[in-house]
Amino acid sequence: MEKIIRAAVYVDIISAIEFDKSGDHLATGDRGGRVVLFERTDNKDNGGSRRDAEQMDYTVRHPEFRYKTEFQSHEPEFDYLKSLEIEEKINKIRWCQPASGALFLLSTNDKTIKYWKVQEKKIKKISEMNIDPSKTPGQPSSSSPPPIVANGVHADPAHDYLSKFSFPPGGLPSLRLPVVTSLETSLVARCRRVYAHAHDYHINSISNSSDGETFISADDLRVNLWNLEISNQSFNIVDVKPTNMEDLTEVITSAEFHPIHCNMLAYSSSKGSIRLIDMRQSALCDSHTKLFEEPEAPGSRSFFTEIIASISDIKFSKDGRYILSRDYMTLKLWDINMDSGPVASYQVHEHLRPKLCDLYENDSIFDKFECCLSGDGLRVATGSYSNLFRVFGASQGSTEAATLEASKNPMRRQIQTPARPSRTISSMTRMVRRGSESPGAEANGNGYDFTNKLLHMAWHPTENSIACAAANSLYMYYA
């Protein structure tokens, strides 16, 4: 019984989360291969214009999302050629452009990407029939099917409804035509395309292009370009696989399309670098347009240096000017016009540096935390252990740094931070924010629960609202 409960909890753990561009829909994916959709309801309830709402003395309310529908996106598979079990876990979800009242999204597990269409379908029923078979004379009381001989004729004449039916004297007073009525609507998810057999390694990223027609998928060694309407062909645009695999020194960890320019994309590596490429330069983008990496401090190299330098996630700001990256220890903000180093660094796990050996032993050092930016670009956020997440101010002169707990009774603590440099992001200075470290047991990481980790989160595109996933629970925070 205990094993069954553990298995049920495992498949319910949320593994992907994403808002659509409007912010009215939220999608989550879990380890069981399911996609669950939520819909915003507070906008619909108010109705009317802002002026009407003010006249009716509406109070300001937090965004409210309700369950909309769910569907099974992926099933467990087995690759018999490679003797490899393919998990059904959803790695990434990306919303596509809606059309004709339907929602479209991409979901992927380790090997297969699927394109889903979700729309309301009306359940139709025919009513107002002239003849009701249930009231036709001669119908037997038995529910057993009548015997049928050749040509579909009933052997029992009692089942010959037409021979038993007689018109009343003078005929029928009126002839009623059958009418199709819609009694209710239900949401139906249908898989439109399946993009498979294009990746030899596990898919870690998918990202939509701003042209609304193409998207990319990335695994450890390759980035492929797809057209949404063509599922049997893709173009390899980045390939870092060496001729001899023994010469492999870094892998691709994340990839993201530029939000405005459909010809530009960025991908990160396990060595802590980010490469910006322009697809107009060549079909195979072996060379990058810009390389973003921070020089290693002299004398600071250790066994863990490359492990903690690996970037687990990158996100473009809404205007495409900045790239936010997350490695194990820090959150960094990069200006795409300046490749000499990050314009801001936010220390998230610096207090765990003395415990790197323990984190390596229990594999926590390989945890992949995601990051996100607010729609206005004024704040950044990322997750941590004990179901905590951190929010930092990225605007000019901001000293905001807060730690919140993803639970039913969240604890918010203002974190002590050093004075911020007077120069700002716009003047392209580098800033270091210590987001750690509240005094007490957590200062050296002893008070942290490394089994409870907040890996996945998403920021609402237009409001200060964050959705974050802690195990199998989804939390919404609004400021």
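Asn224 is found in strand β13 of this predicted model. Is this residue buried or exposed? Asn224 has a relative accessibility of 3%, and because buried means under 20%, Asn224 counts as buried.

Let us consider what surrounds this residue. If we set aside the neighbours within four places in sequence, Asn224 is in contact with Ala198, His199, Phe215, Ile216, Ser217, Ser234, Phe235 and Asn236. Two polar contacts deserve a mention. The side chain of Asn224 reaches the backbone oxygen of Ala198 at 3.1 Å. The side chains of Asn224 and Asn236 are joined by a polar contact of 3.3 Å. As for Asp239, its C-alpha lies 8.9 Å from that of Asn224, and the two residues are 15 apart in sequence.

I turn now to the sheet. In what order do its four strands run? The order is β11-β12-β13-β14, the pairing is antiparallel, and the sheet is open. Its edge strands are β11, residues 205-208, and β14, residues 230-239, each of which pairs on one side only. On average, neighbouring strands of this sheet are turned by 25 degrees against each other, with direction ignored. Between β11 and strand β12, which covers residues 214-218, there are four bridges in the antiparallel sense. Here Ser207 stands opposite Ile216 in β12, and Ile216 is also among the contacts of Asn224.

My next topic is the aromatic rings. A pair of aromatic rings is described by the distance of the centres and the angle of the planes. How many aromatic pairs are counted here? The count comes to 18. In one of them, the ring centres of Phe71 and Trp116 are 4.6 Å apart and the planes stand at 40 degrees, so the pair is tilted. Phe71 counts as buried at 8% relative accessibility, and Trp116 is buried with a relative accessible area of 7%.

Tyr195 and Trp226 form an edge-to-face pair, at 5.3 Å centre to centre and with 70 degrees between the planes. This pair also links distant parts of the chain: Tyr195 belongs to strand β10, residues 179-195, and Trp226 to strand β13, residues 222-227, 31 residues apart. Tyr195 counts as buried at 0% relative accessibility, as does Trp226 at 3%.

Finally, ring pairs link Phe303, Phe304, Tyr360 and Phe366 into a cluster.

Methods: Residues numbered from 1 in each chain as written. Predicted model: local features only at pLDDT ≥ 70, side-chain atom pairs only at ≥ 80, totals over all residues. Heavy atoms only, no water. Pairing = 2+ DSSP bridges. Helix = DSSP H or I, 4+ residues; strand = E, 2+ residues; numbered from the N terminus. Axes fitted to C-alpha atoms, helices over the stretch in contact; angles between N-to-C directions. Phe/Tyr/Trp six-rings, centres within 6.5 Å; stacked < 30°, edge-to-face > 60°. Buried < 20%, exposed > 50% of the residue type's maximum accessible area, 1.4 Å probe, protein only. Contact = heavy atoms within 4.5 Å. Polar contact = N/O pair within 3.5 Å; in protein donor to acceptor, adjacent residues only side chain to side chain.
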